Amino acid sequence: MNFTWLQVIIAAAFEVGWVIGLKHAATPLEWTATVICIIVSFYLMIQAGSKLPVGTVYAVFVGLGTAGTVTADMALFGEPVQLGKLLLIAILLAGVIGLKLVSSDKEEHA
């Protein structure tokens, strides 16, 4: 894994932060943290998209962000853990990993 793919993973982690913030932020500090998460998340994704195939970057970003958000919702906010959700997250992650594996890691240079 190269640094650009690490940027995508970090961007997805910040995506989880801002999605949680959009639902739960109530104070100016929490809203500030949410906005910072949005900026960092999109900056890193845009940087990665300028070097890697943008479709793959977007799919990995959204897939990891979705899986992370659902997992955080269950782990932190008491959302019921359901076998169906866990199975669908596993399928989503398998698709993201498969997409990453069949995509070229060659960075595109503009």
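Hi everyone, this is a short walk through some side-chain pairs and contacts in one structure.

It is a predicted model, so to speak plainly about cut-offs, local features need pLDDT of at least 70, side-chain atom pairs count only at pLDDT 80 or more, and totals for chains, interfaces and linings use all residues. Residues are numbered from 1 along each chain as its sequence is written, and side-chain values use heavy atoms, with hydrogens and water left out.

Let's start with the rings. Rings of Phe, Tyr and Trp (its six-membered ring) pair if their centres lie within 6.5 Å, with planes under 30 degrees apart called stacked, over 60 edge-to-face and the rest tilted. That rule gives two aromatic pairs. Together with W18, F42 and F61 make one aromatic cluster.

Buried or exposed? Buried means under 20% relative accessible area, exposed over 50%, partly exposed in between (1.4 Å probe, protein chains only). F61 is buried at 3%, while F42 is partly exposed at 34%.

Next, Q7, in helix α1 (residues 3-24). Q7 is buried too, at 9%. Leaving aside neighbours within four places in sequence, Q7 contacts (heavy atoms within 4.5 Å) L44, Q47 and A48.

Finally, charges: there is one salt bridge (Lys or Arg side-chain nitrogen within 4 Å of an Asp or Glu carboxyl oxygen). K85 and E79 form it, at 2.9 Å, N to O.

Terms used:
Helix = DSSP H or I, 4+ residues; strand = E, 2+ residues; numbered from the N terminus.
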